[in-house]
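Welcome! Please take a moment to look over the sequence and the model below, and then we can walk through them together.

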Amino acid sequence: MENTNEQTEYEWIDDAFRVEKTRGGLFESVLKDGTKLLSGLTQQIVIDATRWHLKCQQEGTLDDYARIVNDGTVGGKL
């Protein structure tokens, strides 16, 4: 039986997140608290995007790069 109390060593990027490969072949970033943040096709893309995302979050500018394309309502009579 495997020892489940053994801590896994991860390579922490910027001491803030790690990147894991998923079963589907994608890469995803995971914060230290276990929150999954972003996913992408390559490890470097996920690292770059996660760094940018965390920087914008820290600066409070993340909403400057988001917009609602469709509000999901249908106008008129159906």
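Where is Asp15 found? Asp15 sits in the segment before E1.

Before going further, a word on how to read this report. This is a predicted model, in which local features need pLDDT of at least 70 and side-chain atom pairs count only at pLDDT 80 or more, while totals for chains, interfaces and linings use all residues. Residues are numbered from 1 along each chain as its sequence is written, and side-chain values use heavy atoms, with hydrogens and water left out.

**The sheet and the helix**

Let us look at one strand pair in detail. The antiparallel strands E1 and E2 are joined by 5 bridges. Phe17 has Leu31 as its bridge partner in E2, and Lys21 has Phe27. The two strands form a hairpin with 5 residues between them, and Gly25 in the turn has a positive phi of about 95°.

**Inside the fold**

Which residues make up the largest nonpolar core? The 7 residues are Ile13, Phe17, Val19, Phe27, Leu31, Val46 and Ile47. A nonpolar core is a set of buried Ala, Val, Leu, Ile, Met, Phe, Trp, Tyr and Cys residues joined through side-chain atoms within 4.5 Å. Buried means under 20% relative accessible area, exposed means over 50%, and partly exposed lies in between (1.4 Å probe, protein chains only). E1, E2 and H1 are the elements that give two or more residues to this core. In soluble globular proteins, nonpolar side chains tend to be buried together.

Ile13, one of the core residues, touches Val19, Ile47 and Arg51, not counting residues up to four places away in sequence. Contact here means heavy atoms within 4.5 Å.

Is Ser29 buried or exposed? Ser29 is buried, with a relative accessible area of 0%. Its place is in strand E2. Leaving out residues up to four places away in sequence, the contacts of Ser29 include Phe17, Val19, Leu38, Val46 and Thr50.

**Charged pairs**

How many salt bridges does the structure hold? The number is 5, where a salt bridge is a side-chain nitrogen of Lys or Arg within 4 Å of a carboxyl oxygen of Asp or Glu.

| Asp15 | Lys32 | 2.9 Å |

Asp15 lies in the segment before strand E1 (17-21) and Lys32 in the loop between strand E2 (27-31) and strand E3 (36-40), so their pair ties together parts that are 17 residues apart in sequence. Asp15 is exposed at 57% relative accessibility, whereas Lys32 is partly exposed at 47%.

Glu59 and Lys55 both belong to helix H1 (residues 43-59), where they are 4 residues apart, about one turn of the helix. Glu59 is partly exposed, with a relative accessible area of 47%, and Lys55 is partly exposed too, with 45%.

What is the phi of Asp14? Asp14 has a positive phi of about 55° although it is not a glycine, and this residue is found in the segment before E1. Asp15 also has a positive phi, near 55°, and is likewise a residue other than glycine. Most residues other than glycine have a negative phi, and most peptide bonds are trans.

Conventions. Two strands pair if DSSP finds at least two bridges between them.
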